[in-house]
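Hello,

Here is the structure I promised to pass on. Please open it alongside this note.

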Amino acid sequence: MHIAPRCILFLLLLHVASHSCEALVRYTPKMGLLKVGVPKSWDDSKQNLRYIRQAGVRQFISTYNRVKDLKGDELLWGDEIEYGIFKLDNENKKVRLCLRAKDIMDELNDKERSHSQGVEGCNWVPEYGAWMVEATPNRPYTGFTTDLLRVERNMRLRRKRMLTVLQEDEIAPTVSSFPLLGAMGDDGSVPASKVGGPATQSDYIGDDIINPHPRFGTLTQNIRQRRGENVNIRVPLFRDENTPEYAGYDALSGDGGCCGGDSLQLWRYGKGDAVAEKYGNNYVAVGCSMSTIDQEFEDSGSPVTLKKWVVQVPCEGCVGLFYRSSPGVIVPDADWPRNGDVVVGHEIPDVPGWIRLQNGYYLPIESEDGEMQFLHKVSTRAHVSNPEKTTIGSSSPFFRGKAGDGGALPDGEDLASLLEGSLTLATPESNSSTPSKEAGIVEDSEKLRAAIHMDAMAFGMGCCCLQITFQGKDLDESRFMYDQLAVMAPIMMALTASTPLLRGRLADTDARWGIISECVDDRTKAERGRPNPGDPQEKLAGKGQRRIYKSRYDSISSYIYQGGVHPKDKVNGEIGGMSNRVLNMYNDIPVPIDEESYKLLRDAGIDPALSQHIAHLFIRDPLVVFNGAVEELDDETQTEHFESIQSTNWQTVRWKPPPPRNDPNDPHIGWRTEFRSMEMQLTDFENAAFTAFIVLLTRVVLTFDLNLYIPLSRVDANMQRAHSRNAAAKGKFFFRRHMAPLEEGDDGFGEEYTSMFSRAAGSTSRQRNTTVEEEVGDDGVSHQRRGAPLAPGSDEQNAYEEMTMAEIMSGKGDYFPGLIPLLFAYLDYINCDSITLERITMYLDFIEKRAKGELVTPATWMRNFVRSHPSYKGDSVVTDDIAYDLMVACKEIGEGKLHVPELLGNVKIDPITAEGAYQVKLDSRRLQNDKLVELLQRYTHRGSFSEQVSE
């Protein structure tokens, strides 16, 4: 079968974009097809894990060397929407999962093939659940303004075509989760599925609701077996007047949370093992967000930020330590740390006695014989001395040392005070098995909340979402956009929040991400930092003992843009070995890596930042191994082993290398970045609005040469905040104060500085001074972008602060113009056509109103719907008839039959029906006379025809 090259291109652009199909697809024209084969059992797979990990790195190196110099690719992009299909029992007012997804998908794709001549079409691919289908446009959107209008049209077309194959009692609203999943026992689906089974071993759902392809069940089972137990998902339960689980708590006050004031209640997903060990699966500990300008982050939780050590080599004539490119391999760079310097990094559990620095180098903690200690852990009050190693910002834990002051020590303190203990030494993390001693675990019952417990992969992978994939013009742009979009991920998740109902209960959270994170958490106890009396598992990555701070499904752990040093910028008078280290100063959380993979990547000439990223991915094991597809693969021409690891690291953004071209006629595909955090919206208007916003934001960042970097610890803090109830309206998020370099001044503390944007606000009349930041290299990359990872300039220039969603979107003061005004400025700059501008203005006005709290998120609307339903008893329970009415309402909102002003304001959705879903062919096949007469009889009542016959 012939498929148009642009169709193939788009399928490849999005080939690994869904939660579950990412690890399942191949680089073939029809990317929806799952790999045919027999998966191995987990025990049999263990024999191949090491080989696959090593081969995956080799495959990446081969791919990188083949395509690293690709330049000039055009912007191509696309979206993905996932649908859940539900069965209505109208007589009894019940709604259940409909397990016909495969039949529905097959019928839809058959229709696409028979209508392939159309300009607009759809592509339908399988998803994790037997009730789920994913859809994308059949060809990519391009870099022209008119394609921004195609998005909503194609989303409406997908909804129309879905309606053509649904039975009368089936619906497919665009909701993030099914509210009764796991709440109805054996009666949770049509046909019914018995709870439990060898794959899930769940107490709530059955194996039959998983997609029947064997890979999905194998994925489910292997995650559980590698972990050594069922996954353990515990989400805070919403507290209402009559919620029985809160019967012993103090009287309900305020909004039912435990933080009060303007603080958000935080669910620290993925960090609650100690609470489960102490209190069981029916409880979860929560924290609170709060404003802080301290060096310690009160709401960051685990994973912890990097630690600080002071260098002191106590031998006569010794003045410091050389860097090591790997433990034991000396690198004599000119700016090696001297005695008294404070360095930033983290200990390596699987390489005792060494720390890995923020810049990717290593230092020994002590001499080989253990007689002489080189590094001493110190308080975070100690300032970092070497400007190359600082972290950034006036709210950052690691302040920049001032030029010429020696920089390492706080004012008024000397090295002796550090080593003699007059300055508090940081306390090493306790290895105690006592849960109450773990950071974030509280004895106060006010911070202990009742939990909605879930125990299987389906609870997370059964969630639907909206994702977007972009093709960059080259390697450099794709990596820079990965970093910038990572900052936006929690912001957009909060703004699109739509997951307040889980397992038949009202949750005290609004977003799905943490649920999915915990549902695929295959880390062993030791990897999660819990006591583990078992022996190391030799065949697992890191022997199952390496400390891993996050689930496979989580926010990113490192920025990947290497950046570079401008020739005019010297470090200690020399550029030195800057190309041999990770330059990104915003990487302030531990990044566990596979040391062997990192060395292979660096030896192959791949820069430190990207080597760190790939080596971090490869701390994971492949989850599904097929018979006959291990050593049989060619590492020079195939990438399946790389993809088996890459595609099961489900992070908020994903960076995608070009796939191999196995045939000269295969389409060219460039470097891509995927944005993955947004939640599903009820209407195509909303989904198109947020899609267009993100696409335009990428153009704004590149065209206006903006910088969104903040420390990753703050991005993680934002991810926790983004889950909180009504975070879009009530929450504050860390965001960069100055997206462009300051034009004057330095620190902003007693010194005047001027934001470029203040001139747009009319608060200054000073003329802009042309600076080095405007310079552009031969490769078209500006000095500002190249240097952004190094956090150049003053503390104020690199500062961040807490902003409301309204401030992020609409602006704050005269220094932060807001993202939406920047988007309008960009549309003006490119002379956007009036028709496109009119619709984009509607999108941006809608987003701004939601950011300001004038319109509610789907999560808030759903919670209010449940709480105002006549059958609701104030007990946080979603009954059958409530769920039925809610799903019907969601369907009618999406199809334009029900207008909800608090969701959409004055935006009216044009009704969507199955009529006109496909083009009608002007057929010329011969029709039998009898049939012609039968058709004609329908129209003989028309007056003109009757009069002509009577005459």
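Below are some notes on a strand with its neighbours and on a pair of helices.

This is a predicted model, in which local features need pLDDT of at least 70 and side-chain atom pairs count only at pLDDT 80 or more, while totals for chains, interfaces and linings use all residues. Residues are numbered from 1 along each chain as its sequence is written, and side-chain values use heavy atoms, with hydrogens and water left out.

Let's begin with strand S26, residues 672-675 (helices, H or I of at least four residues, and strands, E of at least two, are DSSP runs numbered from the N terminus). Arg672 and Glu674 point one way from S26, Thr673 and Phe675 the other way, and all are buried (under 20% relative accessible area with a 1.4 Å probe, protein chains only). S26 pairs in the antiparallel sense with strand S20 (residues 466-471) over four bridges; strands pair if DSSP finds at least two bridges between them. Here Glu674 is the bridge partner of Thr469. Strand S25 (residues 653-656) also pairs with S26 in the antiparallel sense, over four bridges, and Val653 has Phe675 as its bridge partner.

Now for the helices. H5 (residues 146-165) and H21 (residues 834-851) pack at an angle of about 55°, their axes 9 Å apart; axes are lines fitted to C-alpha atoms over the stretch in contact, and angles run from 0 to 180 degrees between N-to-C directions. Thr146, Leu148, Leu149 and Glu152 in H5 meet Ile835, Thr836, Arg839, Ile840 and Tyr843 in H21, contact meaning heavy atoms within 4.5 Å.

Best wishes

Technical notes: Buried < 20%, exposed > 50% of the residue type's maximum accessible area, 1.4 Å probe, protein only.
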